[in-house]
Each structure stands twice: as structure tokens, then as C-alpha cells.
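Colleague: I am new to this structure and would like to know how its labels were reached. Could you take my questions in turn?

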Amino acid sequence: MKLIFLGPPGSGKGTLAARAVDILKVPHISTGAIFRSAIAAGTFLGHRVKAIIDAGHLVNDSITISLVKDRLAQADTQKGYILDGFPRTMPQAKALAGFSTVDKVVDLTLSDPLVLERLGGRRVCRNCGVNYHRVFNPPKKVSDQGSAICDICGGEVYTRDDDREEAIRERIEVYREQTAPLIDYYRERGLLVEVDARPGVDQVVENFRKAVGV
Ligand code: AP5
């Protein structure tokens, strides 16, 4: 199954995708995670995109489109994929239609105050990328030095540079202007399903299963 996860920043796309890959047995492709890995590795791409991402702006369409096109050409996407965070602009959506079909577009719905609450408390494992939340899902393990570490791999847990309040507000604005119009674009094509992202993670997974029929 080929799925797109839409929804505002912090609506839980990455958290749901981590659970949905076990259900669907398809790869999770997050453009944000690809960019963050490039930044951590200090690659040419990473240097180009770091300041853009930290400020809450979008990376330009041509870089992002060619990155996703190359990724979808790999063999593990033959049976499907979850695209998390792409497309995010109308040119990206139109480009995607030229190189892949899509079965459903899952729109995770969440209000701005809840987005701020979730992103303000988010912590991420620097090593494996798993998401935590200071209140809703804190890491359970602590290092010898007394700081929180990842339950899964023991990696350092940190706050993303784009999770500062100013950057979060910018991301919400960018989402409203450039990404939200895709909701109607996919609704008109009969591909859109909505998932209420307000409840806890287990209930959101149930909402997703019902909406997609898996
Ligand atoms: P990206 O990483 O895609 O950021 P985003 O869309 O802003 O989404 P997030 O990762 O912030 O949130 P999420 O919806 O995955 O929520 P999460 O599961 O973490 O992109 C980052 C940047 O890269 C962009 O700003 C842009 O610069 C660039 N970029 C990426 N793609 C691009 C593209 N296509 N074009 C151009 N530029 C691009 O959850 C959030 C928090 O809530 C966590 O703490 C989590 O533990 C908690 N949580 C999740 N679900 C629940 C729940 N049900 N109940 C309680 N807490 C929950």
C-alpha cells in the first residue's frame, strides 16, 4: 500500500508511521528524517539545508523532489511505502503524480494549541530517531550522568533545533500557506482520509486502521 501522511507539524505523523510500518510491512520514508541525517553526517546536502530547517522554512522543491524520486526508485518500495512529510507543496504533489501512484492520503487533524503542546515537549533520540514527549511519553532510562537516554538504543535524547517556539510558529504558518491546500487537492481525487490525531497513540493507530481499512 502506498500512503502519504499529511497533517500539521507535530500532528504525530512520525509516531504513527513508526507503528504503521509494523502493520503494513512497508518502508517509512520521512523527508525531514533524511534531511536531519544529512545534517548530522555533515554532507553537502546537510550543509545546504540546516539553516533553512532550523528557521522552520521549507527546503526548495527541486532538491526535495529529486531526493524522493531517487528513494522511490529503490527496490524496497515496490510493495508500497509511507511518505511522511512529502509532498508539502503543490509542485511536489504534481511531481509525485508523475513518478508514482498513491493509494490513500492520511490527513492527521490537530488544532494549533495541541501542535504547540506536542512540539514544545518533544524529545528525539539522536541515534535512532525515535520520538518521545516530556509529558506524554518520557524516556524511561537514565544515563550514569543522570540525563534521559533512548529506551530502545540508549542514544542521547535531545530537543530538535526547529522545536523552538519561534520556529514552531513559522512551521505552522508555512503549513497553512503551502501544505494545507493539498488537502483539497487529494480530496478532489478521492484519495483523502481523515484521522483524528487528538487521542493517545494507541487510539490514533486504531483510528488509522479504520480509516485505511487495514
Ligand atoms: P519534518 O520532520 O517532516 O517535520 P514536521 O512535518 O514539522 O513534522 P514533525 O516531525 O515535527 O512532527 P510529526 O507530525 O512527525 O509529529 P511527531 O510524531 O514527531 O520536517 C522538518 C523540516 O524538514 C521541515 O520544517 C522542512 O524544513 C524540511 N522538510 C521536510 N520535508 C520537506 C518537504 N517535503 N519539502 C520541503 N522541506 C521539507 O509527534 C510530535 C510530538 O507529539 C512527539 O513528542 C510525540 O511523542 C508526541 N505525540 C505524537 N502522537 C501523540 C499522541 N497521539 N498523543 C500524545 N502525544 C503524541
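Predicted model: local features only at pLDDT ≥ 70, side-chain atom pairs only at ≥ 80, totals over all residues.

Colleague: How many aromatic pairs does the structure hold?

Modeller: There are 2 aromatic pairs.

Colleague: Why is the pair of Phe 5 and Phe 208 given the name it has?

Modeller: Rings pair if their centres lie within 6.5 Å, and planes over 60 degrees apart count as edge-to-face. The centres of Phe 5 and Phe 208 are 5.8 Å apart and the planes stand at 75°, so the pair is edge-to-face.

Colleague: What makes this a link between distant parts of the chain?

Modeller: Phe 5 belongs to strand S1 (residues 2-6) and Phe 208 to helix H9 (residues 201-212), and 203 residues separate the two.

Colleague: Are Phe 5 and Phe 208 buried or exposed, and how do you know?

Modeller: Buried means under 20% relative accessible area. Phe 5 has 1% relative accessibility, so Phe 5 counts as buried. Phe 208 has a relative accessible area of 0%, so Phe 208 is buried too.

Colleague: What about the rings of Tyr 185 and Tyr 186?

Modeller: Their centres are 4.9 Å apart and their planes are at 80°, so this pair is edge-to-face. Tyr 185 and Tyr 186 are both buried.

Colleague: Which residue lies over the face of Tyr 185?

Modeller: Arg 189 does, at 3.7 Å from the ring centre. Another ring, that of Tyr 158, has the charged end of Arg 126 over it, 4.1 Å from its centre. For such a label, CZ of Arg must be within 6 Å of the ring centre and within 35 degrees of the ring normal.

Colleague: Now the backbone. What makes Lys 25 worth a remark?

Modeller: Most residues other than glycine have a negative phi. Lys 25 is not a glycine, yet its phi is positive, about 55°. Lys 25 is in the loop between helix H1 (13-24) and strand S2 (28-30).

Colleague: Is Lys 25 buried or exposed?

Modeller: Exposed means over 50%. Lys 25 has 67% relative accessibility, so Lys 25 counts as exposed.

Colleague: Which peptide bond is cis?

Modeller: The bond that joins Phe 86 and Pro 87 is cis, with omega about -5°. Most peptide bonds are trans. Pro 87 is placed in the loop between strand S3 (81-84) and helix H5 (90-99).

Colleague: How do you know that S1 and S3 pair?

Modeller: Two strands pair if there are at least two bridges between them. S1 and S3 have 4 bridges, in the parallel sense. In one of these positions, Ile 4 has Leu 83 of S3 as its bridge partner.

Colleague: How many bridges join S2 and S3?

Modeller: S2 and S3 pair over 3 bridges, again in the parallel sense. His 28 has Ile 82 in S3 as its bridge partner.

Colleague: Which way do the side chains of S3 point?

Modeller: Tyr 81 and Leu 83 point one way, Ile 82 and Asp 84 the other way, and all are buried.

Colleague: Which strands does S4 pair with?

Modeller: S1 and strand S4 (residues 104-109) are parallel over 4 bridges, and 5 bridges join S4 to strand S10 (residues 192-196), also parallel. Asp 107 of S4 stands opposite Leu 6 and has Glu 194 in S10 as a bridge partner.

Colleague: What makes S6 and S9 the edge strands of their sheet?

Modeller: The sheet is open, with 3 strands in the order S6-S5-S9 and antiparallel pairing. Strand S6 (131-133) and strand S9 (157-158) each pair on one side only. Strand S5 (residues 122-125) is joined to S6 by 3 bridges, and Arg 123 stands opposite Tyr 132 in S6.

Colleague: Which residues come nearest to the ligand?

Modeller: Of the 35 residues around the ligand, Thr 15, His 57, Arg 88, Arg 122 and Arg 171 come nearest. The largest share of the shell, 4 residues, comes from H2.

Colleague: How much of the ligand does the protein bury?

Modeller: The ligand taken alone exposes 1,000 Å², and the protein buries 96% of that.

Definitions and conventions:
Residues numbered from 1 in each chain as written. Heavy atoms only, no water. Phe/Tyr/Trp six-rings, centres within 6.5 Å; stacked < 30°, edge-to-face > 60°. Buried < 20%, exposed > 50% of the residue type's maximum accessible area, 1.4 Å probe, protein only. Near = heavy atom within 4 Å. Areas by Shrake-Rupley, 256 points an atom, 1.4 Å probe, with all protein chains shown as cover.
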